[in-house]
Amino acid sequence: MSGKKIQRLRGFKDILPEETEKWQKAEEIIQKVFHQFNFKEIRVPVLEQNDLFQRSIGDVTDIVQKEMYSFKDRHGDTVAMRPEGTASVVRAYIENNLFYPPSVQKLYYFGAMFRYERPQAGRLRQFHQAGAEVFGSQEPYIDAEVIVALYTILRELNIENPTVHLNSVGCEVCRPNYLSYLKIFFEKNKEGFCPLCQERMLTNPLRVLDCKVESCKNLLSTVEGTYQHLCDNCDTHFEEVKKNLNLLGLTFTLDKFLVRGLDYYTKTAFEITSSSLGSQDAIAGGGRYDKLVEELGGPKTEAVGFAIGLERLISLMPEGRAGKRPDVYMISLGETAKEKAIKLLNDIRKEGFSGEINYQDSLKSSFKKASKGNFRFAILIGDEEVKEGVVSFKDLDAGEQQRISHNASEIIAQMQKLTP
RNA sequence: GUGGGUGUAGCUCAAUGGUAGAGUCCCGGAUUGUGAUUCCGGUUGUUGUGGGUUCGAGCCCCAUCAUCCACCCCA
């Protein structure tokens with residue numbers, strides 16, 4: 001080895017074979033559940049025009065202001081690596097006229113997202129999300145259905161104690177009302193808040209609501225939440241969502257201060273957390289965004305969606321997919337035996353069986369590798385076998401060994417006989 | 001972006017400022033062609049990197065990089 005080692009970028013991770021079993025299981029279950037709810041997969045690019053995210057996520061949010069990987073490409077266009085999935089899916093929905101013919105569109109996606117943040121437990125610069133979006137319905141039932149789909153995924157993956165937090169953040173009618181209510185409250189109680197909160201009252205009043213300082217929390221216990229200041233329209237919608245969730249047997253906790261960090265949310269907002277995660281405790285989050293499609297140049301289209309953080313999800317999974325067991329471990333001793341073994345393995349693989357060959361270790365260590373590798377059968381070819389035109393065929397589970405003819409069909413028949 | 005902890009063998013970790021070690025893993029062997037356990041033997045390091053202090057630095061100091069934890073924000 002010479003030369004300087006190149007290491008991966010900060011906040012970026014290699015996902016090694018040991019962990020990919022969990023990833024594969026997560027992906028399998030997620031796809032299965034999405035299909036149960038009649039979602040179709042969409043795949044969108046990782047790179048988009050910078051403007052897309054500014055206009056959708058909001059240009060005063062932290063994500064856009066300080067966390068985006070955005071740069072000028074060789075042509076001089078300002079582009080950005082997506083920090084989340086919804087914006088791209090909405091763009092694709094509009095650009096490909098998926099709103100025609102008019103009907104409900106249910107889409108899901110998987111993908112890597114990028115945010116230039118300081119890495120921490122459960123927080124990376126490249127991370128992965130699985131997300132779902134439903135376009136073209138303002139039915140409260142759809143909000144509930146989407147939450148149930150999300151919850152189903154977590155349940156099927158045996159995630160420990162997930163908690164569903166629910167709120168409604170209102171629309172462009174009720175939000176200003178709520179903000180002026182907050183403003184009055186803050187003015188009355190300004191002195192009791194921490195310096196940071198006093199700052200936030202001016203810059204981002206909603207952020208004051210989830211301050212962790214004790215004195216602030218005490219003061220806030222008497223503040224009313226967003227869902228207590230909804231207009232009639234939003235209020236009935238919220239009531240219906242709750243009713244439907246109860247109907248579907250999903251328990252949730254109302255979180256009057258749940259505010260999501262992206263500007264496009266309206267009405268329903270939800271989040272799923274787990275106490276086993278540490279400081280970054282959200283596994284998934286989402287909500288309704290009835291204005292976004294219009295704002296990005298599409299027809300008036302209401303929508304709901306969510307995204308699951310796959311790294312966080314996977315860290316909570318008790319187990320991965322049971323790896324498929326490899327079938328045959330070929331062991332050969334000597335040159336002629338090696339040639340026979342290579343050809344035999346090739347024939348066996350052609351028939352759809354999996355296998356590995358070892359022609360350089362000692363016999364003992366070869367068998368050791370066969371059992372460590374969880375192989376079902378071992379086939380040994382040495383001088384004796386070559387001479388007699390056979391192979392030694394061993395059932396590694398039973399520990400029984402026999403000599404059988406060295407042609408592939410014989411061996412395959414033997415394997416099929418022993419494999420249920 | 002701010003604050004704190006940690007970087008020693010592939011992995012998990014030792015080493016009052018005085019010759020860098022153990023376990024594990026891997027490889028070989030224990031009547032020469034068989035998986036476990038046990039036993040014997042063997043390999044492995046620019047102590048993250050670069051400076052500085054010192055007769056002497058894995059250990060002290062500075063810088064840098066990485067990593068972990070928290071703030072912030074969010075998946």
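**How many bridges join strand β12 to strand β14, and do they run parallel or antiparallel?** There are 5 bridges between β12 (residues 328-332) and β14 (residues 377-381), and the two run parallel. Strands are DSSP runs of E, at least two residues long, numbered from the N terminus. Two strands pair if DSSP finds at least two bridges between them. S332 stands opposite I381 in β14. The model is predicted: local features need pLDDT of at least 70, side-chain atom pairs count only at pLDDT 80 or more, and totals for chains, interfaces and linings use all residues. Residues are numbered from 1 along each chain as written, chains are lettered from A and ligands numbered from 1 in written order, and side-chain values use heavy atoms, without hydrogens and water.

**The open sheet has 5 strands.** Their order is β13-β12-β14-β15-β16, with mixed pairing. β13 (355-358) and β16 (400-405) stand at the edges with a single partner strand each, so one side of each has no neighbour in the sheet.

**RNA strand B is surrounded by 52 residues.** Each has a heavy atom within 4 Å of the strand. The closest are R207, R260, G261, L396 and Q401. α14 gives the most to this surface, with 8 residues. Helices are DSSP runs of H or I, at least four residues long.

**Polar contacts reach the bases of RNA strand B.** Such a contact is a pair of N or O atoms within 3.5 Å. A side-chain N or O atom of E117 is 3.1 Å from a base nitrogen. For K394, a polar side-chain atom lies 2.9 Å from a base oxygen.

Note on methods. A polar contact is a pair of N or O atoms within 3.5 Å; within protein, one must be able to donate a hydrogen and the other to accept it, and residues adjacent in sequence count only if both atoms are side-chain atoms.
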